[in-house]
Amino acid sequence: MNQEIQQKDQTIVLIHQPKSHPWTEIQMAHEPHTHAKNKEFKEKYLSSCFDETYNLSNQEIKEWWNLRVELYPLYSHEDENCVKRIKGLWYLLTENDLEEIRNQKWTEFGFQQADPTTDFRGGGVQSLDDIINFVSDYKETMVKEMCKSSNDFYFAASSINITFFIKRYFHLQEQLDERDRKEIADRVALKNFCRFLLKEENFWKKLHQLLLSDLFNEWIALKKRRPETTIMDYGPVLERVKQKTKRTFSTRLFGNLQQLIEFYQSL
């Protein structure tokens, strides 16, 4: 899923090269074990009485595993591709070349410190790609608003939070098992997710942008209702976005992306 992003006279190429990973071909031929073990009583023991099943099809299993392999790489200063990405993001944001990665100006865009790469530990390279994609699509609109100091919204950190939530919720984080059942997608939700991976181009990107935009809108709405709002109120706003996502994906199997978005936005 290579992708080119044009910015003036420069081109940022997000190259997804084959990476080493710990899974065998046999594992990757089956649906995630967390999904297989996540059956409710009705589906587990009464499935013969119902037409609908939330087992993943072979193609859905393939798409989920392809995504998991893509999400596996961590950010590394030793990886030339990672360095190109972070320099490309800087150029998108500032229209200047980046000489040293450490720069205090990164904090103006919502990173936690002068070295932005430390923020990518949880979300991996994908969390950087998601920021690049969002800036490329919304630099002159939402990104400018998100980065205004008066709005107290940490754009980059918020984007990374959304990436990490999507990754964990849809069973894509490392070392998940059935003990994490309350924190990961139920069978309806993961089936929904995998169906859209299969039939909707760039679904991860579209979902990330939907949730990040909504997080910002929820935050601004709260600040308007309560001018005394501080960063201490950020957690509940993020939690509301997570709950809206969980409710949307768990409600039913949607026929198309527009139906899913409309349901989400109605909550």
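**Figure 1. Overall fold of the predicted chain.** Helices (H or I, at least four residues) and strands (E, at least two) are DSSP runs, numbered from the N terminus. The model is predicted: local features need pLDDT of at least 70, side-chain atom pairs count only at pLDDT 80 or more, and totals for chains, interfaces and linings use all residues. Residues are numbered from 1 along each chain as its sequence is written, and side-chain values use heavy atoms, with hydrogens and water left out. Of the 267 residues in the protein chain, 50% are buried (under 20% relative accessible area, with exposed over 50% and partly exposed in between; 1.4 Å probe, protein chains only).

**Figure 2. The largest nonpolar core.** This core has 69 residues; a nonpolar core is a set of buried Ala, Val, Leu, Ile, Met, Phe, Trp, Tyr and Cys residues joined through side-chain atoms within 4.5 Å. L89, F111, I131, I166, F170, F193 and L211 touch the most other members. Two or more residues each come from α3 (58-71), α4 (80-94), α5 (124-146), α6 (155-169), α7, α8, α9 (234-251) and α10 (257-266). Helix α8 gives the largest share, eleven residues.

**Figure 3. Surroundings of I166.** Leaving aside residues up to four places away in sequence, I166 touches F193, W204, L207, H208 and L211, where contact means heavy atoms within 4.5 Å.

**Figure 4. Packing of α7 against α8.** The axes of α7 (residues 187-199) and α8 (residues 203-225) come within 8 Å and cross at roughly 125 degrees. The two helices are therefore oblique (angles under 35 degrees count as roughly parallel, over 145 as roughly antiparallel, 65 to 115 as roughly perpendicular and the rest as oblique). Axes are lines fitted to C-alpha atoms, for helices over the stretch in contact, and angles run from 0 to 180 degrees between N-to-C directions. From α7, F193, F196 and L197 meet F203, W204 and L207 of α8. The contact residues divide into six nonpolar, no polar and no charged.

**Figure 5. Two loop residues with positive phi.** E95, in the loop between α4 and α5, has a positive phi of about 60 degrees although it is not a glycine. E95 is partly exposed, with a relative accessible area of 32%. N202 is found in the loop between α7 and α8; N202 is not a glycine either, and its phi is positive at about 55 degrees. The relative accessible area of N202 is 30%, which means partly exposed.

Note on methods:
Nonpolar A, V, L, I, M, F, W, Y, C, P; charged D, E, K, R; others polar.
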